[in-house]
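Welcome, and please take a moment to look over the sequence and the structure below.

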Amino acid sequence: MRIKQITVPGMSLNGETDLVFARTAKLPGRDIEDKTVNYSGQVFHVNGRAVYPGSESYSIEFYMDQELDLRTKLEKASRLAFNNETTTGNMCMPGPESVMVVDVLALPCGIGNQAGTGFQVVKEIKFVGVSIRSIGEVEYAIADGTGEIKTLNATFSYHWYEDFS
Amino acid sequence: MSVSIDEFFSAFSQDNRFFLHLPVLWGVTIDGVTEDAINSVLQDAGEKWNAKTNPSNYTKSGNILVAQEVSIPNETSEFTTLESGSGMGGFFPGYGLNARSNFLNRSTAVNFLQTEDDIIHNFFRPWMIAIGIKGLVEYGTTLKSTMTVRQYKNSGEFVRGFRFRKAFPTAVEPFTLNYDNTDFKIQSVTFACTNYEQL
């Protein structure tokens, strides 16, 4: 799986540069809410509306680049959403131009596959109406000195996702 | 013969007379009152209020997009007992009908989201003030509207509706501004009408 594109007001991240730092993400979920009808002691289940659990806070973990370029871009998008210093912000509903595209990849490994064959995109999922929600804290452990690579967590909201592949 | 769950199951899963539809599939429109009609009354009275828009500017595909909730009124009448004085013993009194309940005593309301170009501020409040000046008399420009509520099946087809004739607002809900992290403002407008009909 890879994050291929994130476009929100004030920020555009693409898979060739910024999103190579994406470390973990997840396939989203989709629920049909359950509605019940009772009759003579029996409960019948009926389709309700569709909801996307976790759509208010879809989390991606990035490797921190040393120059903090990625974090700078996230900060800019966050302050464009609402800037407490100027009390101005972009309060309109995120539109169809604000998207995140996630590819699900597979490594061909059938008979005849040659070494070096690249991943194949088996599914493309597009999140619609994406907006930044949080930029995670980064804790430095100066004393430890283990050299562990730092990560940065960010969350995004979306209205729904499309999976028509 | 006892009740049959199979009959219920069969009916609700196969017979479209029993199909359920999501109650969130509805739309509302309000037509017939214009900014010009409201403003002519306001200007005659020297009011500083001014209608700057009308519901059709917020309407797409038969629905006012900023409408969040609509309350359909009940259908009720006022009854009385007819008693022939005292000494009726164990007999019940008769019953009589006084009148159908008027629409001022029923709850017909639409809740609207407060947007930057606010339909309450720029249409419903001026409309209410204009009615407060002109009253409900029928001469000249009309300040009464036609409000239509439609419900839809899950397939998107129309399933039922109500049309409220000569509807007019009777109250606009107040709202509070503060510095808390509150939800977006939603205000209710209560309506009365002369009659309503089935669609």
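Predicted model: local features only at pLDDT ≥ 70, side-chain atom pairs only at ≥ 80, totals over all residues.

Residues are numbered from 1 along each chain as its sequence is written, and chains are lettered from A and ligands numbered from 1 in the order in which they are written. The model scores ipTM 0.82 and pTM 0.87. For chain B, the mean pLDDT is 93, and 99% of its residues reach 70 or more; pLDDT is the predictor's confidence in each residue, from 0 to 100.

Let us start with chain A. Five of its strands form an open sheet in the order 2-1-7-8-11, with antiparallel pairing. Helices (H or I, at least four residues) and strands (E, at least two) are DSSP runs, numbered from the N terminus, and two strands pair if DSSP finds at least two bridges between them. At the edges of this sheet are strand 2 (11-14) and strand 11 (160-162) of chain A, each of which pairs on one side only. From one strand to the next, the twist averages 20 degrees. Angles run from 0 to 180 degrees between N-to-C directions, and axes are lines fitted to C-alpha atoms, for helices over the stretch in contact. To see one pairing up close, find strand 1 (residues 2-8) of chain A, which is joined to the antiparallel strand 2 of chain A by four bridges. Here Ile6(A) stands opposite Leu13(A).

Chain A also has an open sheet of four strands, in the order 3-6-10-9 and again with antiparallel pairing. Strand 3 (22-24) and strand 9 (131-135) of chain A stand at its edges with a single partner strand each, so one side of each has no neighbour in the sheet. Neighbouring strands here are turned by 40 degrees against each other on average, direction ignored. Two bridges join strand 3 of chain A to strand 6 (residues 58-63) of chain A, and Thr24(A) has Glu61(A) as its bridge partner. Helix 1 (residues 69-81) of chain A packs on this sheet, touching strand 6, strand 9 and strand 10 (151-157) of chain A.

Where do the two chains meet? The contact takes seven residues from chain A and seven residues from chain B, with two residues in contact if their C-beta atoms, placed from the backbone, lie within 7 Å. On the side of chain A, strand 5 (residues 42-51) gives the most, with five residues.

Now turn to chain B. Helix 2 (residues 35-44) and helix 3 (residues 119-134) of chain B pack at an angle of about 55 degrees, with their axes 9 Å apart. These two helices of chain B are therefore oblique to each other (angles under 35 degrees count as roughly parallel, over 145 as roughly antiparallel, 65 to 115 as roughly perpendicular and the rest as oblique). Among the residues that meet are Ile38(B) and Val41(B) from helix 2 of chain B, and Trp127(B) and Ile133(B) from helix 3 of chain B.

Finally, six bridges join strand 1 (residues 26-31) of chain B to the antiparallel strand 8 (residues 145-152) of chain B, where Val28(B) stands opposite Val149(B). In strand 9 of chain B, Val149(B) has Phe162(B) as its bridge partner. Strand 8 and strand 9 of chain B form a hairpin with five residues between them, and Gly156(B) in the turn has a positive phi of about 95 degrees.
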